[in-house]
Amino acid sequence: MRMACYIRVSTDRQADDGCSLEMQRATLEKYLSIMNLVSDRDQVSWYCDDGYSAKSIAGRPSFLRLLKDIREGTIDALAIWDLSRLTRSIWDLRDILNLLAENEVELYCMNDDVHTETASERFSMNVRMLSYQFEREKVSERTNAVLIDLVKNKKRYVAGGKIAYGFRRTREKELVIDEERARYVREMFRLARHGMSLEQITLALNTLQSERYFQVENVRCMLKNRKYSGHYLFKGVEYDDIIPPIVTDEEQQEALDNLNHHSQKSDNYIFAGLVKCQCGTPMTNGLAWGSHYPRRYYYYHCRECNKYFSQIKLDKYFRSYRFPEGGDAFFDRIQTMLTGRQKAIRDRLRRLDEKYASGYVQEKEYLMLREVLESRSREAAEDQESLGCLNKKYADMDILEKKRYVHEKIKMITVDPVGKKVLSVEEREPLDPAESPVGKIGKG
Ligand SMILES: [Zn+2]
């Protein structure tokens, strides 16, 4: 007999009560041999879907392959763990059972202990499926009603799973501010409000705290997360009195405005967002195509006067510009911390080697820890490198470095697009590290 076995675990692993693919497979194998259904393991072909819901068939690759093989007549029998593995929809089940019958495939269902040889068994399976479906709908209805009541009347935060960084859940399941982490959240918003780019903020966060490694995308999502200003969206309704705010609405708005301002800038525009026309209008990025090298001409455009100022001219101007010294205290501090972190990682690597050499650590554990530490060390080295460009001279920088540097130092450049002259440069106030809510802490 050519036996097919289908196993599946859903995306919601809790619903599966811990029946992993491995466990399903082992149990089914035992079942097949006890029932004497196959004499040879080679007759069994496995179809496994890892992390798929049973709500629909489409999108479950192995299940679709199984259906195809049934249609093509390469299977005599199908064994499953329980019916819910196959489908939770009575309509889909009807089609599947018809397909099995048409192709004379027997169904063996281990946990529900049915197989489809007789009409009455088929009927009882239909009933069982109906109850599965009904139960599923009932459960989700009931859960919704309870949750909505909790939020609406008991003013409680109910979303499960991971909690936004900066908060923690109390025993009473309330969401409260985790002060230890919240100060990094405040720092993140503060830096964004000071016009730092996502990359700079990410770098700063990873330097100030070492508990979690932030990616640029995490920081972007966090800045947008309205929970930080105390808003909680649940089932389409926004509640303002459930979550304590870590920053104010205004602070978040200002941070987001700055972020948008940054993202509108293309990497090729060193002075994007900084150039103002003498008429008072902020100038926007423009691009012209020429027939000779460099072919692309970047310029800044005043819509009011319909005049242009080329990037080449501005770049020349800043080659001989005396940038304000200092004001990099913040970055100096980050640099020191990064060096400290590198050293700490090296120390830990050395201690790990010693422990391994003296037999305190198993090889598997050792290799795993070593890999973690090495990847941290690489990350720190990359951070250090991207920070290093801030010590270069403007003229030696590439476009991205220039852009980062200029935006760090300069607040506004006013130009005369008719006389083709730079009229004035307004420098940015240095970011004072003492102002930081994180203060002087810095974990190596
Ligand atoms: Zn103008």
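**Charges, salt bridges and helices**

Lys-307, Lys-313, Lys-316 and Lys-420 gather in a patch of positive charge on the surface. The model is predicted: local features need pLDDT of at least 70 and side-chain atom pairs 80 or more, while totals for chains, interfaces and linings use all residues. Residues are numbered from 1 along each chain as its sequence is written, and side-chain values use heavy atoms, without hydrogens and water.

Me: Why is Lys-316 called exposed?
Reply: Exposed means over 50% relative accessible area, buried under 20%, and partly exposed in between (1.4 Å probe, protein chains only). Lys-316, in helix H10 (residues 311-319), has 58% and is therefore exposed.

Me: What makes the contact of Arg-226 and Glu-238 a salt bridge?
Reply: The term requires a side-chain nitrogen of Lys or Arg within 4 Å of a carboxyl oxygen of Asp or Glu. For Arg-226 and Glu-238 the N to O distance is 2.7 Å, so the pair qualifies. Arg-226 lies in the loop between helix H8 (216-224) and strand E8 (232-234) and Glu-238 in strand E9 (residues 237-239), so the bridge ties together parts 12 residues apart in sequence.

Me: How do you know that the length of helix H6 (residues 179-193) agrees with its number of residues?
Reply: The expected span is 1.5 Å times one less than the number of residues. The 15 residues of H6 should span 21 Å, and the end C-alpha atoms are 21 Å apart, so the two agree.

Definitions and conventions: Patch = residues over 30% accessible without salt bridge, like charges linked within 9 Å, V, L, I, M, F, W, Y side chains within 5 Å. Areas by Shrake-Rupley, 256 points an atom, 1.4 Å probe, with all protein chains shown as cover. Lys, Arg positive; Asp, Glu negative; His and termini not counted. Charge placed at Lys NZ, Arg CZ, Asp CG, Glu CD. Helix = DSSP H or I, 4+ residues; strand = E, 2+ residues; numbered from the N terminus.
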